[in-house]
Amino acid sequence: MKIIPFKIPKNTEEAFRVQVDKMPHLYNHLHQHPEIQLTLVKKSEGTLIAGDYVGRFVPGDVFVIGPNQPHVFRNDEPYFKKKLTAHTVSVFFDESTLGSYFWQLPETKALRFFIRNSTGGFRVTGNKKMIIAGKLEAIINSEGIEKIIFFLEILKLLSAKKEMQQLSRNNLYRSIKTQDGSRLNRILEYTFSESHRHITLDEVAKVANLTVESFCKYFKTRTRKTYINFLNEIRIQHACRLLIENEETVSGVCYNVGFNNLSHFNRVFKKFNGISPRAYRSERI
């Protein structure tokens, strides 16, 4: 099983990597790579973890994953149990793309600024999202100079700050060794599979083969958040999906995602989303 770091396969004849993924579920292990990743979600839903960011992804979303930013597009459970298809289009690039001389040109100053300030990653929004999505669709079947032109047009759009929401506040990422990556992935897998019930720090610390005290320090150092806060974020993302897709009561959703107190659920939900679960449902249905 491949754990982080992750190597992006690249043909020596291509200036940058264009990758189309169609599979039952996306690669579900936390990983990192030195290239910037621009991804259009065509057909897929789940939770994106990128640095200290945790949030939903749905069809039509466009994300920028920063260089060496630990991340995983974790599909919802139905993708692991039913015959569904996850479909994404991604472009991978860095400052070696198109040659180092290209990035030193005065005309590419804005592009260079974007490259060097993309470590936190972005969610692309608004009209820019739709335009970039269209160009990513077009770049799949383009060749030669046309492919380069589409790529430069995308870079130009990304270099403008408008309609770019930063994902992670943590902009400094170290390379994570395979052993460390394996431990983090065990923690993530356990959290996703068991988040519907009460999880104690003692049991998740055992998954990581650490004492509770060492585990809390370990997790906070690598994610910039406490494990309980991270667990609540995963539960709230699951609750968001259920509130839209399910006719169950807010109380039922609360208990299904692992909270054992409705008032606490409402407070945590509002903290992450700015509105109550009931208001969230009414806005999206």
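Analyst: One idea to have ready: a residue is buried under 20% relative accessible area, exposed over 50% and partly exposed in between, using a 1.4 Å probe and protein chains only. Arg224 shows how that works: with a relative accessible area of 47%, Arg224 is partly exposed.

What you're looking at is a predicted model, so local features need pLDDT of at least 70 and side-chain atom pairs count only at pLDDT 80 or more, while totals for chains, interfaces and linings use all residues. Residues are numbered from 1 along each chain as its sequence is written, and side-chain values use heavy atoms, with hydrogens and water left out.

Helices (H or I, at least four residues) and strands (E, at least two) are DSSP runs numbered from the N terminus, and two strands pair if DSSP finds at least two bridges between them. Read across, this open sheet goes E1-E7-E2-E5-E8-E9, and its pairing is antiparallel. Its edges are strand E1 (17-23) and strand E9 (164-166); each has a single partner strand, so one side of each is left without a neighbour in the sheet. From one strand to the next, the twist averages 20°. (Angles here run from 0 to 180 degrees between N-to-C directions, and axes are lines fitted to C-alpha atoms, for helices over the stretch in contact.)

Strand E8 (residues 122-124) pairs with E9 in the antiparallel sense over three bridges. Look for Phe122 there, which stands opposite Gln166 in E9.

Next come the helices. Contact means heavy atoms within 4.5 Å. Helix H3 (residues 109-116) packs on the sheet, where it touches strand E2 (36-43), strand E5 (62-65), strand E7 (86-93), E8 and E9, and its direction makes about 120° with that of E7. Helix H4 (residues 126-140) lies across E1, E2, E5, E7, E8 and E9, and runs at about 90° to E2.

Residues buried in H4 are Lys128, Ile132, Ala133, Lys135, Leu136 and Ile139.

What do these elements build together? A nonpolar core is a set of buried Ala, Val, Leu, Ile, Met, Phe, Trp, Tyr and Cys residues joined through side-chain atoms within 4.5 Å. The largest one has 27 residues, and those with the most contacts inside it are Leu38, Val64, Phe93, Phe114, Ile132, Leu136 and Leu158. Two or more residues each come from E2, E5, E7, helix H2 (100-104), H3, E8, H4 and helix H5 (144-159). H5 gives the most, with five residues. Take Val64 as a case to click on: leaving aside neighbours within four places in sequence, Val64 is in contact with Ile36, Gln37, Leu38, Phe114, Gly121, Phe122, Val124, Leu158 and Leu167. There is also a second, separate core of 19 residues, which includes Ile49, Leu184, Ala205 and Tyr227.

For comparison, glance at the other sheet. Three strands form it, open and antiparallel, in the order E4-E3-E6. Strand E4 (53-57) and strand E6 (71-75) stand at its edges with a single partner strand each, so one side of each has no neighbour in the sheet. Strand E3 (residues 46-50) pairs with E4 in the antiparallel sense over five bridges, and Thr47 has Arg56 in E4 as its bridge partner. H9 lies across E3 and E4, at about 15° to E4.

The axes of helix H9 (residues 227-245) and helix H11 come within 10 Å and cross at roughly 90°. In H11 (residues 262-273) you'll find His264, which touches Asn232 and Phe259, not counting residues up to four places away in sequence. With a relative accessible area of 31%, His264 is partly exposed.

Finally, back to Arg224, which sits in the loop between H8 and H9. Its phi is near 65°, a positive value in a residue other than glycine. Most residues other than glycine have a negative phi.
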